[in-house]
Amino acid sequence: MLVSMYGIENRGVRYISAVLRQAGFEPHLVLFKRWVNNRIRPPTEREAQLLAGLARKINPLLIGFGFGSPYFKIVRDLTDMLRAATPAPMLWGGIHPTVCPEECIAHADFVCVGEGEFAALELCRALEEGRDPGGIPGLWSRRGPETRPGPARALLEDLDSLPYPDYMQANTVFIEDNRASEIDPIAQTVEYRIYPTRGCPYNCSYCYNSTLKNMYKGLGRYYRIRGVDGVIGELRHALRLFPRTRRVKFDGDVFAFPKPWLRDFCAAYARDIGVPFEILTYPGELDEEDLRALRRAGLDKIQTGIQSGSDREVSAVYGRRSTCSDIRELSRVARRAGVGIVFDLIFDNPLATPEDKRAMIELLLELERPFKIYLYSLTVFPKTAIARELIERGIITADGVEGRATKSFSQFRLSFDYPRPPEDVYWISLAILSSKSFIPRRLIRALLNSEHFRRNPGALKFAARLSDLAKTVAIALGMLARGELTRFKIRQYGTMGQIISQ
């Protein structure tokens, strides 16, 4: 029984399910509550009991939880509850167990460190055959007080050797709203997410990659790409499963490929798929020729990180190699190629100076309009480079890191319903207004020099919220016209109290 916590897409759990199924096991996939932007709620007693009842009914060989750091305490409590319902051993995997195995093994019987498809398979075979599961690469085990870290597992080199992740399979249950439904809720979406890569060539301080790269040294290439045939094959398979698909989103950390791969991909995607798609990219990764070719294949939006408008903050604080010059150039070439662009920005960074924040607004005022922005509140994840720096400086304690903290439950994408100093509200409001093509830039430049609004940003905050509402309505109408506005999407993001900036 494989349990995905607060994420119905959870590709890691779905890949493990597919590998186990291919090997002859019978995986039961439990999608335990969906992710909802800034409105994560702990499970109710009823939802926890539904999970326990399912475990008693299935009587599984193994129960596996896949989860990220914010859900550590919830998984700990569910694991304790399930021990009274079933004798099945408990396996924890995902990003939090990978970076914090010593914390997790105190509660689980097994902890998967790193990629889990074949570690889980070897564990299931050992349990089925009654063998000692100790020593499986990538797996920590516990018997009573004894903890046994297994040897490190090499990274999977051939991503195309994996079966496609499990979707719409029998034995799938969705637990939400105090109900257990035998459905795969992914069918409620019209967007298919695909991961064409694993790892990342970059090393941003706030990202888990800054930790994982050190963990995986000597265990194989960290950044790996799938073949074009494998990517297109999965998308063909997905379109057969989900004929209502209106958009493909290429997830993973970055859309970075050699030129021959891009050429072959563009030809195959235009010929065989034809659905509009979007990508995540890094400034300087794609040139104008690349963007034009991708646009002809169906690309209509790219998402990329600015994070800060200050080259100092970008380099010294966030560990990024991009510069403001790279951002301006990407803005220009995206406009010329006819591709929409979304810029990611990070606020609530205690290491940012007033000069850094002003530089952010000045950069936004230089970018080609129209564009969208996604604002994020800095979330500190365990053992990342920025977590170490903030703790060493005494700015936060370990209790401020996700796993102990749950800031992302209410403030992952930034919203105004969060306590901030007036000056930070001022900078955030200006950033929001800067992304609205219907607001004159000369007005924002005047506001940028207003000491009154810096000290008293209430009116500016109201204007920013109003502009977000107007733009959100326009975006929603566009999605509705394209058949992309679903109840699922509205539920994830659509609350009047927490309208997110775009």
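Helix H2 (residues 45-58) lies across E1, E2, E3, strand E8 (172-176) and E9, and runs at about 160 degrees to E8. Contact here means heavy atoms within 4.5 Å. Angles run from 0 to 180 degrees between N-to-C directions, with axes fitted to C-alpha atoms, for helices over the stretch in contact. Helices (H or I, at least four residues) and strands (E, at least two) are DSSP runs, numbered from the N terminus.

This is a predicted model: local features need pLDDT of at least 70, side-chain atom pairs count only at pLDDT 80 or more, and totals for chains, interfaces and linings use all residues. Residues are numbered from 1 along each chain as its sequence is written, and side-chain values use heavy atoms, leaving out hydrogens and water.

Strands of a sheet pair through backbone hydrogen bonds, either parallel or antiparallel. Two strands count as paired if DSSP finds at least two bridges between them. Nine strands form this open sheet, in the order E7-E6-E5-E4-E3-E1-E2-E8-E9, and the pairing is mixed. Strand E7 (146-149) and strand E9 (179-181) stand at the edges; each has a single partner strand, so one side of each lacks a neighbour in the sheet. On average, neighbouring strands are turned by 20 degrees against each other, direction ignored. Take one pair. Strand E3 (residues 63-66) and strand E4 (residues 90-93) are parallel, joined over four bridges. Ile-63 stands opposite Met-90 in E4. Helix H1 (residues 11-22) also packs on this sheet. H1 touches strand E1 (2-5), strand E2 (29-32) and E3, and its direction makes about 165 degrees with that of E1.

Move on to another sheet. This open sheet has six strands, ordered E10-E13-E14-E15-E16-E17, with parallel pairing. Its edge strands are strand E10 (191-194) and strand E17 (372-377), each pairing on one side only. The twist averages 20 degrees from one strand to the next. E10 pairs with strand E13 (residues 247-250) in the parallel sense, over four bridges. There, Tyr-192 stands opposite Val-248 in E13. Helix H10 (residues 288-297) lies across strand E14 (277-281) and strand E15 (299-307), at about 135 degrees to E15.

A cavity is a set of points on a 1 Å grid over the protein atoms alone, where a 1.4 Å probe fits but cannot get out; lining residues have an atom within 4 Å of a point. Volume is the space filled by probe spheres set on the points, with grid points joined across faces, edges and corners. The whole structure holds two cavities of 30 Å³ or more.

Strand E16 (340-347), helix H13 (354-364) and helix H15 (422-434) each supply at least two lining residues.

The second largest cavity has a volume of about 40 Å³. Ile-186, Thr-189, Val-190, Glu-191, Tyr-192, Phe-242 and Thr-245 line this cavity.

Finish with the aromatic rings. Rings of Phe, Tyr and Trp (its six-membered ring) pair if their centres lie within 6.5 Å; planes under 30 degrees apart are stacked, over 60 edge-to-face, and the rest tilted. The count comes to 27 aromatic pairs. In one of them, Tyr-202 and Tyr-282 are stacked, at 3.6 Å centre to centre and 5 degrees between the planes. This pair links distant parts of the chain, 80 residues apart. Tyr-202 sits in the loop between strand E11 (197-198) and helix H7 (209-215), and Tyr-282 in the loop between E14 and H10.

Definitions and conventions. On a 1 Å grid over the protein atoms alone, a cavity is a set of points where a 1.4 Å probe fits but cannot get out, and a pocket is an open set with protein on both sides within 12 Å along at least five of seven lines; lining residues have an atom within 4 Å of a point.
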